[in-house]
Amino acid sequence: MVDLSRYLDAAATSPPAAEVLAAMAAMAPLAWANPSSLHDPGLAAAELLERSRIRIGAALGAEPGQLVFCSGGSEAIHLALLGSAALLEPGRLLISAVEHPATRAAASLLQRQGWQLQVLPVNRQGLVDPEILAAWLEPPTRLVSLIWGQSEVGTLQPLERLGALCRQAGVRLHVDAVQVVGHGPVNLAQLPVDLLSCTAHKLQGPRGVAALALASGLELAPLIGGGSQEGGRRGGTEPVLLAHGFAEALDLAAARLAAGGGRDPLAPLRDQLWGRLCALEGLRISGPAPGGGVERLPHHLSLLVSSDDGRPLSGRALVRALARRGWAVSSGSACSSNGAASAASPILLAMGYGEQEAASGLRLSLGPWLRPEDLERFPEDLEAARRELQAD
Ligand SMILES: Cc1ncc(COP(=O)(O)O)c(C=O)c1O
């Protein structure tokens, strides 16, 4: 049994909330049927699916018909980019230098189909410069994909401003909102955004379901054919029970945000933790400092760790040293924690850090299961882990 009071890796994934599991268990007896079937069990499953779609749409500021259920954020991103490109003349695609690997992979596939790829640089805080974006929005740019909340360093891009530039230029914008949804208000109807991806498992929903939300009237070609499900935009029998769990998780998140007056109640917990950590030797923040004027994900802290004499220490070794003390943290995004040839984070490299510093990252991401007292011992344990490593 995992001790959740020491699980600080919410940005990798989050344990489904008890309310989500209970809601799924309650509906499991009728959610199994095929929602495309015309008999009673099928109609009951279809009704549950559509009710979930209405709830999820309401949470994201989209009409139910504007949602496409997918298997995960990675699929939603591929559908957004490849499904858009299939309806456009090949042109130029812009992405930032701090995208999730799923976006980079979809962009590479488009390059093989004849698209030009332009990667926009970011500054030391991970921000895209609006002027650089504006300069690249000239033809033949036809598609832009930007990560709203960066998973490794927490940077929130100024989406209103960047999106408005894309709208002015008439260029379609996809936003990877996987880390944002559940931690801040999202209203597609009021954002200058054409496509928005999110995934249930980052917000205490079940694994295996995600949504791509489309601006009203936007057309998209399917990646997976074979059925007329999801308005012909994604073939395959829909995961009715998972969609129900997703809707429940979004409702819980909305209630938490409402209780915090629109702000994630995890932000003060994160700020408190940062207040204690920044008093320690050898720790610096990467990405925007909490409260420093540039926005960052409210549940997220990312650190660069060094020895007393300023030598960068290995983030991966720190993760293991903290695991020996019972803590679950990460050295970057979960997707880059395994198997990458170099320990240096491509995200930190893109932000201008050197190879060694870029391998010294530590990510702490909080979830609603944590109470302030759970975090009391963390600074002490991190300091002990740091000392152990610098002595090696
Ligand atoms: C910013 C971001 N985008 C996309 C993904 C991919 O989502 P999924 O794991 O549901 O495929 C992740 C997951 O780590 C993420 O953090």
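Buried means under 20% relative accessible area, exposed over 50%, and partly exposed in between, with a 1.4 Å probe and protein chains only. The model is predicted: local features need pLDDT of at least 70, side-chain atom pairs count only at pLDDT 80 or more, and totals for chains, interfaces and linings use all residues. Residues are numbered from 1 along each chain as its sequence is written, and side-chain values use heavy atoms, with hydrogens and water left out.

**Exercise 1.** Find the aromatic pairs and classify each by its geometry.

Solution.
1. Rings of Phe, Tyr and Trp (its six-membered ring) pair if their centres lie within 6.5 Å; planes under 30 degrees apart count as stacked, over 60 as edge-to-face and the rest as tilted.
2. Searching the whole structure gives two aromatic pairs.
3. Tyr 7 and Trp 369 are 5.8 Å apart centre to centre, with 45° between the planes, and the pair is tilted. Tyr 7 is in the segment before helix H1 (18–31), while Trp 369 is in the loop between strand S10 (361–365) and helix H13 (378–391), 362 residues apart. Helices (H or I, at least four residues) and strands (E, at least two) are DSSP runs, numbered from the N terminus.
4. Tyr 7 is buried at a relative accessible area of 13%, and Trp 369 is buried at 14%.
5. Trp 327 and Phe 378 have ring centres 5.0 Å apart and planes at 85°, so this pair is edge-to-face. Trp 327 lies in the loop between helix H10 (315–324) and helix H11 (334–337), and Phe 378 in helix H13, 51 residues apart.
6. The relative accessible area is 3% for Trp 327, which is buried, and 0% for Phe 378, also buried.

**Exercise 2.** Which charged ends sit over the rings of Trp 327 and Tyr 353?

Solution.
1. The criterion is NZ of Lys or CZ of Arg within 6 Å of the ring centre and within 35 degrees of the ring normal.
2. Over Trp 327 sits the charged end of Arg 6, 4.5 Å from the ring centre.
3. Over Tyr 353 sits that of Arg 124, 3.9 Å from the ring centre.

**Exercise 3.** State which domains give residues to the lining of the largest pocket, and where the pocket lies.

Solution.
1. A pocket is an open set of points on a 1 Å grid over the protein atoms alone, where a 1.4 Å probe fits, with protein on both sides within 12 Å along at least five of seven lines; lining residues have an atom within 4 Å of a point.
2. The lining has 28 residues; Trp 148, Leu 156, Pro 185, Glu 295 and Arg 296 lie nearest the centre.
3. Domain 1 (4–14 + 262–391) and domain 2 (62–238) both contribute, so the pocket lies between them. The bounds come from an automatic or database domain assignment.
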